[in-house]
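Subject: Handover of a structure

Dear colleague,

Please find the structure below, followed by an account of what was found in it. I would be grateful if you read the two side by side.

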Amino acid sequence: MDEAAIVGTRKLARLLAHAEAAGTKVVLVGDPCQLPEIEAGGTFRGLQQRLGASHLADNRRQTDEWERSTLAELRTGDPDRAIDDYIGHDRVHQAATGDAVRYELVDEWMNARVEGEDVLMVAARLADVDDLNCRARYVLQDECYLGNDQVVLAGRPFAESDDVLALRNDYRLGLLNGTRAVVERIDTSRHEMILATTTGDRLTVPFAYAEAGHLTHGYATTIHKAQGATVDRCFVLVDDTMTREHAYTALSRGRQGNELFVVAEDRRAEERHTAEVDDPLDAVRRAIGRSAGKRMAVDEVEPNVAPLEQLRRERDDIRSRLGEGPTDASWEYRKLSEALAREKHGRKGAQWGLDTARKSLQDLGPVGRRTHRAKRRELERQIVGFDADIARHDKALADVEAKLAGLTPEMVTRSRWEREHSTELDRLDTLDRHITWSQRVERVVARELERGVDRSIGLEL
């Protein structure tokens, strides 16, 4: 069973019961760090913890070594550090409004598409996906890459050369849920369209399939539909509903690069009537810092744990054996990454000012420069100032990049150490949880004894 980690517990239990009755072996293949089950779940993760598993240890999809390391950090390490890496490599785009960030996203997507890259836009919400698809089609038609709309099915217009995505299995037609294709021809007389799939097949699809809502545009898709896809570049619209698993799934689609697009607007400052504004990326960090992974019900019940002192001795023993480990430079790396992003933004603004001032001076012409001397001097002053700003930003960028480069070996060493000692670190997490639970029990018992109440059963924790 492929993608077994997204199969609900009840369905998986039924399958395993049938397999047991038939004496059949079941092999489950999946990733508990990608999208979780929609229904009650946690079985795949629970079976892995109890039975062990074979692992694919090497990432062969992403071409850049830094992105492979960053995705590993996002998957099981520090998500803040992963976001810092994307910021440091200029993979995070911010705009003041939702409309502006979508405009920039589609513009970047179109540029990559024109360069011949296989590209995909991804969002968490269906409404955002529909909006991005509409914007993409408008740009394609405006640039004459897409023919005129020939038919409207289930409220969606279709034209020849449209990218489409199948939403439901139809084995008779040769369509599987998630099939990506291009519309080669639309026959309005026969009420059918010819699709060329990404695997090279040509399928004849009746209008009825699309009229039932089973065919949509394929320029943008949800994260759930994107799971399993591989493209050259993936552009991800980020919002505060995106959890760690969603982010890891979306940002691991592209071979050559994956980029985040974030709305930077923050109205809370207006509500407080103050100039203080939180970093817009803080909301993204909080969202991606959450895990949507599920656990089996039996795992939610606290086990019969060893005495508190025994737990503490085991914890102290592991800590003693592990030591402090290599230096954790993630906090400093994050601050430097934020400084790098600020300097890049400042330089971009200074460059825009310089270009504008130079153009204004050029537009004056020889006569205008003589007759409007005050304006000429002001523009020349601006040009000198912007040149100085750019030089200052370039120096600051070089300094920050040098510091980041100096921290990179420490980051790599720390990440490697955490992977090598993942078993001990996981055990430490478990011990900390059990110690916390036992301490809560002790506090409740002490409180009840103070009240003169002897409760040996049913402590209210």
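Which residues does Glu-192 touch, not counting residues up to four places away in sequence? They are Arg-185, Ile-186, Asp-187, Thr-204, Val-205, Pro-206 and Phe-207, where contact means heavy atoms within 4.5 Å.

The model is a predicted one, in which local features need pLDDT of at least 70 and side-chain atom pairs count only at pLDDT 80 or more, while totals for chains, interfaces and linings use all residues. Residues are numbered from 1 along each chain as its sequence is written, and side-chain values use heavy atoms, with hydrogens and water left out.

Glu-192 belongs to strand β7 (residues 192-197); helices (H or I, at least four residues) and strands (E, at least two) are DSSP runs, numbered from the N terminus. Glu-192 has 17% relative accessibility and therefore counts as buried (buried is under 20% relative accessible area, exposed over 50%, partly exposed in between, with a 1.4 Å probe and protein chains only). Its side chain is joined to that of Arg-190 by a polar contact of 3.1 Å. A polar contact is a pair of N or O atoms within 3.5 Å; within protein, one must be able to donate a hydrogen and the other to accept it, and residues adjacent in sequence count only if both atoms are side-chain atoms.

Arg-414, in helix α15 (residues 373-420), is likewise buried, at 13% relative accessibility. A polar atom of its side chain lies 2.7 Å from the backbone oxygen of Pro-326. Beyond four places in sequence, the contacts of Arg-414 include Arg-81, Glu-324 and Asp-328.

Glu-3

Glu-3 is located in the segment before α1 (9-22) and is partly exposed, with a relative accessible area of 25%. It touches Val-29, Gln-227 and Gly-228, leaving out residues up to four places away in sequence. With Gln-227 there is a polar contact between side chains, at 2.7 Å.

Aromatic pairs

The structure holds three aromatic pairs (rings of Phe, Tyr and Trp, the last by its six-membered ring, pair if their centres lie within 6.5 Å; planes under 30 degrees apart count as stacked, over 60 as edge-to-face and the rest as tilted). One of them joins Trp-109 and Tyr-219, whose ring centres are 5.7 Å apart and whose planes stand at 80 degrees, so the pair is edge-to-face. Trp-109 lies in helix α5 (residues 98-114) and Tyr-219 in the loop between β9 (215-217) and β10 (220-222), so this pair ties together parts that are 110 residues apart in sequence. Both residues, Trp-109 and Tyr-219, are buried.

Pocket and cavity

On a 1 Å grid over the protein atoms alone, a cavity is a set of points where a 1.4 Å probe fits but cannot get out, and a pocket is an open set with protein on both sides within 12 Å along at least five of seven lines; lining residues have an atom within 4 Å of a point. The second largest pocket has a volume of about 780 Å³. It is lined by 22 residues, of which Val-92, Gln-94, Ala-341, Lys-344 and His-345 are the closest to its centre. Helix α14 gives the most to this lining, with nine residues.

The largest cavity has a volume of about 70 Å³. Among the residues that line it are Ala-5, Phe-44, Arg-45 and Lys-294.

With kind regards

Note on methods. Points joined across faces, edges and corners; volume = space filled by probe spheres on them.
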